[in-house]
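Here are a few helix exercises to work through with the viewer open. Try each one yourself before reading the solution.

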Amino acid sequence: MPCTGSAILLPMVRHKNIPIFIPHRGCPNQCVFCNQKTISGSCGYTLSSVKADIDAALAAGKATDEVEIAFFGGSFTGIDRKEMIDLLSLAHSYLQSGRICGIRLSTRPDYITKEILRILAVYGVTDIELGVQSLDDGVLSACRRGHTAKETEYACRLILDHGSFTLVGQIMLGLPDATSHTEEETVRRLLTLGVRHFRIYPTVVLRNTPLATQLSEGTYTPLSTEDAVKRAAKILRLIQDAGGTCLRIGLCENEELHTDDGILEGPYHPAFGELVMSELFLESCQEALDTIETDGKRITLYIPKGCLSKAIGQKRRNIQRLTEIYHTRQIRFIESDALSGYCVRVQEENSIASQIT
């Protein structure tokens, strides 16, 4: 049927968090990897300063933005109850006025109770990000987390059974005593519980942490960037194969990471997520190329629309690796509307196969 009338252009909607950091407030101990001041770039707040930050962020945004207030940092549900309710009440006032669409917070698994969830629901909290890190008790003990995997699983069930919240599982790779197997098993168990949203963070060594001491003593060795990317790619594939989503891969960039109190060593990269997605495209390309004879041929690989930079890799790394492995004469990528995810289709030089359009 031919189109008639005028086209209506809808404004592009951006999702935006207004992050409010509450570093170490409510945390009962310091995990070996933790220096919240460095991670958040913040060391304190007042209720009036929080309001000023929210107002400034809203004023700088666009009317079409979907905005959430996000309480990140320590363990939000473990802070003084009045302090927590004052902050939630402030955020709720913006939710009631329609200036924001949600309230997000991060906390520890052992600070989730039925009573806490009732309070969060009253004040309109929409998303709870749980600092799972690992579901291996040996890893949790080595990290001095102060709770067990069983407590984390119980917290997940409470949140999901409540029905009012979106649950996000935050996991870390390369923790002390962790292996690729323990990390994959953690994600499998979370998926079995019903968790479908994740954040993936590679462990970096921050100065002035117990992990920095372990590094200097030779009792801890961080992952290389290459190994961290490969392990994160496995995790991301598990999540996506189960229909889940990953909100972020890698630490958020901030100035504190590069100060004298920042990163000492470890797999930090400002585009870590892009490296991980490029790794998945490399695997998909290899699966496609393994089905044909490639020596000395020109090869065209079709990839999903908008994925060209990820498929090529940073500094054309994927093209270089594929050319070396498969001894091709040339490899080129073409974007296709017919493909999605990490799907790749291959076409040989002079192939009679139909092109994908």
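**Exercise 1.** Which residues of α9 are buried? Keep in mind that this is a predicted model.

*Solution.* Start with the helix itself: α9 covers residues 225-241. Its buried residues are A228, V229, R231, A232, A233, I235, L236 and I239. Next, look at what they pack against: β5 (166-173), α7 (180-193), β6 (197-202), β8 (245-249) and α10 (272-289). Finally, step past the helix to G243, which has a positive phi, near 85 degrees.

**Exercise 2.** Check the span of α9 against the 1.5 Å a residue rule.

*Solution.* Take the 17 residues of α9: the rule says they should span 24 Å. The end C-alpha atoms are 24 Å apart, so the two agree.

**Exercise 3.** Work out how α6 and α7 are oriented to each other.

*Solution.* First get the geometry: the axes of α6 (residues 149-162) and α7 come within 10 Å and cross at roughly 30 degrees. Angles under 35 degrees count as roughly parallel, and therefore α6 and α7 get that label. The crossing of α6 and α7 is right-handed. On the α6 side, A149, E153, C156, R157 and L160 make the contact, with R189, L190 and L193 on α7. Sorted by type, the contact residues of α6 with α7 are five nonpolar, no polar and three charged.

Key
Residues numbered from 1 in each chain as written. Predicted model: local features only at pLDDT ≥ 70, side-chain atom pairs only at ≥ 80, totals over all residues. Heavy atoms only, no water. Helix = DSSP H or I, 4+ residues; strand = E, 2+ residues; numbered from the N terminus. Expected span 1.5 Å × (residues − 1). Buried < 20%, exposed > 50% of the residue type's maximum accessible area, 1.4 Å probe, protein only. Contact = heavy atoms within 4.5 Å. Axes fitted to C-alpha atoms, helices over the stretch in contact; angles between N-to-C directions. Parallel < 35°, antiparallel > 145°, perpendicular 65-115°, else oblique. Left-handed = near helix turned anticlockwise from the far one by under 90°. Nonpolar A, V, L, I, M, F, W, Y, C, P; charged D, E, K, R; others polar.
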